[in-house]
Amino acid sequence: MSNGAETVLQFKGRMITVTILRLLAPGPEAVAAALDERFRDAPGLLSGLPTVLDLEALGEAPSGLDLKALQDLLRARGVPLIGLRDSGEAVRRLAAVGGLPVLKLDGGREVPRQESGSAARTASQAPTGSSQTLVVTQPVRSGQQVYARGGDLVLTAAVSAGAEVLADGHIHAYGPLRGRAMAGVVGDTGARIFCRRLDCEMVAIAGRYRLSEQITDAEREGPVQVRLEGDSLVIERL
Amino acid sequence: MAKIVVVTSGKGGVGKTTTSAAISTGLARAGHRTAVVDFDVGLRNLDLIMGVERRVVYDFVNVINGDANLKQTLIRDKRVDGLYILPASQTRDKDALTTEGVERVLNELSEDFDYIICDSPAGIERGALMAAYFADEAIVVTNPEVSSVRDSDRILGILSSKTRHAEQGNGPIPGRLLLTRYSPERVARGEMLSVEDVQEILAVDLLGVIPESRAVLNASNAGTPVILDEDSDAGQAYADAAARFLGEEREHRFLDVPRKGLFGRLFGS
């Protein structure tokens with residue numbers, strides 16, 4: 001009897017960030033063309049990120065949608081489709097036919113998805129000439145959060161224990177860095193964290209993290225950069 | 001127009017009320033008309049520390065609700081000219097502090113006083129937010145230990161965004177650190193954070209360091225602001241802090257272990 005279910009499997013809860021792809025027109029050809037155009041500007045935009053298809057804007061039209069063709073064209077572009085957003089009976093029926101789960105996406109917060117690679121930046125921001133880099137000169141105190149959406153984060157004052165600093169791109173900390181630092185939060189695996197001394201409670205790049213207790217005293221010393229090599233975080237002296 | 005100063009800390013029991021009483025007394029003694037307001041509705045203490053508990057008729061909440069006017073409610077200090085106490089209500093809770101009500105009372109006080117010292121309750125809830133919201137300047141009271149320092153850091157963050165000053169786009173209000181219950185002996189033994197450690201973490205200007213002292217508890221029990229105990233180290237340190245608050249340059253004292261004289265060394269007192 002001791003050989004119960006728990007030795008065979010375990011259930012665990014986990015939060016993930018999903019990309020919601022809202023379709024505004026049903027035709028697969030038009031969708032394919034529009035996707036290709038977006039990918040030209042931002043090659044890594046959706047690749048590898050779990051994506052949920054939202055058909056709400058199509059009203060009653062989804063019943064006539066060629067879901068199979070859509071699935072194929074997304075797969076061909078490296079976009080993993082994990083389900084349909086529950087927006088009514090028509091969508092539920094379509095999902096049942098296509099063998100896809102229907103996901104309720106209530107609560108949570110939607111953020112516009114932007115590519116943080118350099119290609120996107122030069123393409124989309126060249127006209128305005130303004131940079132997406134966020135420069136913070138005030139201390140980031142315990143309980144505060146600073147997020148550089150779509151770009152880098154430069155910190156000239158201290159980041160206290162209990163504070164959180166996040167960036168879609170790199171993080172550069174010139175003051176003490178004692179809080180949590182997360183770079184590449186929408187999945188840019190090329191993002192890095194640069195600091196003069198690594199006293200963080202946690203460092204993370206594209207979701208891969210190290211906690212303070214997993215950082216050795218030797219690794220904390222001196223100017224340091226944190227980057228991702230394959231699937232593991234590398235902390236190295238500059 | 002009065003300058004509104006919040007005395008705050010996040011953590012409880014670090015010496016906010018002692019500091020509010022001492023600093024307001026110091027400012028009044030220097031000739032500035034000063035009102036000290038107890039924002040700790042429901043857990044009123046300032047009246048005890050100031051020794052006016054038997055003269056409380058009306059309170060802050062009565063004024064907010066229009067049951068009494070300021071003139072009836074303010075308690076005049078009998079020791080120092082120009083010092084007035086606005087006690088908190090003991091029977092109500094912090095929800096009685098409406099933004100409009102607090103603003104109206106502070107505006108009215110502003111017409112008559114040079115300084116308004118707001119004695120904040122502990123925590124980061126309504127009472128503390130209201131005490132800080134209208135402030136022009138902050139004194140952050142911290143004990144030299146990690147939990148107090150972290151709470152002060154949190155409060156400094158709140159001060160930088162949740163004040164009227166900040167919401168109007170004028171940036172954070174200036175905040176200064178007052179380190180209380182400081183024991184150089186324990187710092188030397190590594191049991192307590194040093195002034196430098198705390199300043200390094202909080203990165204704010206230092207208003208003063210108040211040594212751990214029996215005089216503080218004695219003064220509380222007697223209902224006399226400790227700044228009036230001019231023979232005590234804590235009283236002198238508060239006097240220095242009040243003078244610095246008014247712009248005077250004074251060297252920080254009581255930071256080092258006092259060297260024992262021959263007598264002390266012989267008898268190991």
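Predicted model: local features only at pLDDT ≥ 70, side-chain atom pairs only at ≥ 80, totals over all residues.
1. **Chain A at a glance.** Chain A has 238 residues, and 42% of them count as buried. Its secondary structure comes to 5 helices and 15 strands. If you look at contacts between residues at least 6 apart in sequence, 37% of those in chain A join residues at least 24 apart.

2. **The four-strand sheet in chain A.** There's an open sheet here with the order β1-β2-β3-β4, and its pairing is parallel. The strands at the edges are β1 (19-22) and β4 (102-103), each of which pairs on one side only. Further in, strand β2 (residues 51-54) and strand β3 (residues 81-85) of chain A run parallel and are joined by 3 bridges.

3. **Helix α2 of chain A.** This helix covers residues 67-76, and its buried residues are Leu67(A), Leu70(A), Gln71(A), Leu73(A) and Leu74(A). In general, nonpolar side chains in soluble globular proteins tend to be buried together. After α2(A) comes Gly78(A), which has a positive phi near 75°.

4. Start with strand β6 (residues 145-148), which pairs with strand β8 (residues 164-167) in the parallel sense over 4 bridges. In that pair, Tyr147(A) sits opposite Leu166(A). β8(A) also pairs with strand β10 (residues 180-183) of chain A, again in the parallel sense, over 3 bridges. Here Glu164(A) has Arg180(A) as its bridge partner. Next, β10(A) pairs with β12(A), in the parallel sense and over 4 bridges. Arg180(A) turns up in this pairing too, with Met202(A) as its bridge partner in β12(A).

5. Val203(A) has Arg210(A) as its bridge partner in β13(A). The hairpin has 2 residues between the strands, and Ala206(A) takes a positive phi near 50°.

6. **The second largest pocket.** Now for chain B. The second largest pocket has a volume of about 540 Å³. Its lining is made up of 27 residues, and those nearest the centre are Gly13(B), Val14(B), Gly15(B), Lys16(B) and Thr18(B). Elements of chain B that give two or more residues to this lining are α1 (16-29), α2 (46-49), β7 (175-182), β8 (205-211) and α11 (214-222). By residue type, the lining splits into 11 nonpolar, 10 polar and 6 charged.

7. **Nonpolar cores.** The largest nonpolar core has 50 residues, and Phe39(B), Phe60(B), Leu86(B), Val102(B), Leu109(B) and Leu159(B) touch the most other members. Apart from it lies another core, of 34 residues, including Val14(B), Tyr115(B), Ala219(B) and Ala237(B). Back at Leu86(B), and leaving out residues up to four places away in sequence, the residues it touches include Val36(B), Phe60(B), Val63(B), Leu70(B) and Leu109(B). Asp38(B) and Thr73(B) are also among the residues that Leu86(B) touches.

8. **Val52(B): buried or exposed?** Val52(B) belongs to the loop between α2 and α3 (60-65) of chain B. Its relative accessibility is 2%, so Val52(B) counts as buried, the cut-off being under 20%. Beyond residues up to four places away in sequence, Val52(B) touches Asp47(B), Ile75(B) and Ile85(B). Arg76(B) is 24 residues from Val52(B) along the chain, with 8.9 Å between their C-alpha atoms.

9. **Ser194(B), another loop residue.** Ser194(B) is found in the loop between α9 (184-188) and α10 (195-202) of chain B. With 11% relative accessibility, Ser194(B) counts as buried. Neighbours within four places in sequence aside, Ser194(B) is in contact with Tyr182(B) and Val187(B).

How values were computed: Residues numbered from 1 in each chain as written. Chains lettered and ligands numbered in written order. Heavy atoms only, no water. 1 Å grid on protein atoms, 1.4 Å probe; cavity = no way out; pocket = protein on both sides within 12 Å on 5 of 7 lines; lining within 4 Å. Points joined across faces, edges and corners; volume = space filled by probe spheres on them. Nonpolar A, V, L, I, M, F, W, Y, C, P; charged D, E, K, R; others polar. Core = buried A, V, L, I, M, F, W, Y, C linked by side-chain atoms within 4.5 Å. Buried < 20%, exposed > 50% of the residue type's maximum accessible area, 1.4 Å probe, protein only. Contact = heavy atoms within 4.5 Å. Pairing = 2+ DSSP bridges.
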